[in-house]
Amino acid sequence: MTSFRKTALVGGILYLVTFAGSIASALLVGPALNDPAYILGAGADQQIGLAGILELVNVFGLIGCGIAFFSVVRKVHEGLAIGYLATRLFEGAIITISVVSLLSIMTLHQQVAAGADGEALVPVAAALVAIRNWAIVIGSNMAPFNALMLGTALYRARLVPRWMPALGLVGAPILISFVIGMILGVAQVGTPFHVVAVLPFFVWELALGLWLTFKGFNENSPIGLAERARRGTAGTSGPTQAALAAEAGAA
């Protein structure tokens with residue numbers, strides 16, 4: 001397996017890891033978010049703690065994607081590569097705030113169980129829930145911004161079928177507009193606008209993760225041909241090396 005294929009495989013798996021971590025966390029976190037009096041009741045601290053761990057898995061996965069694809073995107077445009085990595089790091093940092101808020105709610109529940117004044121701490125827990133929710137909205141929705149940069153690079157370089165990055169490039173502005181609408185209070189989760197905003201972007205990221213995991217980057221793209229020529233320079237000589245170099249230059 002070449003380094004070119006390894007990069008695609010690692011990046012694809014990490015994309016799928018972000019799906020697994022974020023979706024599993026969202027399924028587990030309900031008790032702390034939906035019950036205003038969570039810290040006063042029996043609680044489900046182990047479940048909430050597991051949700052926090054899974055969200056951190058998502059964080060490490062998305063940062064790993066930024067690192068894995070940096071070298072490839074840089075071959076297309078250095079500014080796109082830096083922007084993609086920076087937005088991935090920012091996304092991970094904001095989502096980490098949501099994890100800290102979630103674990104803080106769990107700590108408040110434990111303090112109440114140990115004898116603290118629960119009624120006085122209920123507003124604090126509510127504030128932490130609000131911080132967690134907004135951190136998820138802002139953090140996870142940095143993904144459209146890094147998709148604009150990664151999608152542009154993949155589209156230009158023909159590293160994957162062009163319909164795939166095109167879907168991300170079309171879906172990203174729609175999702176960004178929905179998030180702005182949420183912040184301004186004119187868009188709500190669960191509305192038709194929400195479905196239209198999320199669906200194209202969801203398909204783009206899932207399709208990209210699956211494609212890179214099982215198919216990899218296009219070996220006949222200009223970058224792929226240049227990579228073959230580089231390998232030929234390192235391991236072959238003569239007509240084969242010259243042919244690969246000429247093919248890469250023609251592309």
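The model is predicted. Arginine 158 sits in the loop between helix H6 (143-157) and helix H7 (163-184). Check its backbone: phi is positive, about 55°, although the residue is not a glycine.

**Charges over rings**

Now select arginine 162 and tyrosine 155. Arginine 162 lies over the face of tyrosine 155, at 4.1 Å from the ring centre. Then go to lysine 215 and tryptophan 211. Here lysine 215 lies over the face of tryptophan 211, and the distance to the ring centre is 5.7 Å.

**Aromatic pairs**

Turn to the aromatic rings. The count comes to 6 aromatic pairs. Select phenylalanine 4 and phenylalanine 217. Their ring centres are 5.3 Å apart and their planes meet at 40°, so the pair is tilted. This pair links distant parts of the chain, 213 residues apart. Phenylalanine 4 belongs to helix H1 (residues 3-28), while phenylalanine 217 is in the loop between helix H8 (192-214) and helix H9 (222-235).

Next, select phenylalanine 19 and phenylalanine 202. They form an edge-to-face pair, 5.2 Å centre to centre, with 75° between the planes. This pair also links distant parts of the chain: phenylalanine 19 is in helix H1, phenylalanine 202 is in helix H8, and 183 residues separate them. Color both by accessibility. Phenylalanine 19 counts as buried, at 11% relative accessibility. Phenylalanine 202 is partly exposed, with a relative accessible area of 35%.

Phe4, Tyr15, Phe69, Tyr84 and Phe217 form one aromatic cluster.

H1 and H8 are the elements that give two or more residues to the patch. Which element gives the most to the nonpolar patch? H8 does, with 5 residues.

End on isoleucine 23. Isoleucine 23 counts as partly exposed, at 42% relative accessibility.

Terms used. Residues numbered from 1 in each chain as written. Predicted model: local features only at pLDDT ≥ 70, side-chain atom pairs only at ≥ 80, totals over all residues. Heavy atoms only, no water. Phe/Tyr/Trp six-rings, centres within 6.5 Å; stacked < 30°, edge-to-face > 60°. Helix = DSSP H or I, 4+ residues; strand = E, 2+ residues; numbered from the N terminus. Buried < 20%, exposed > 50% of the residue type's maximum accessible area, 1.4 Å probe, protein only. Lys NZ or Arg CZ within 6 Å of the ring centre and 35° of its normal.
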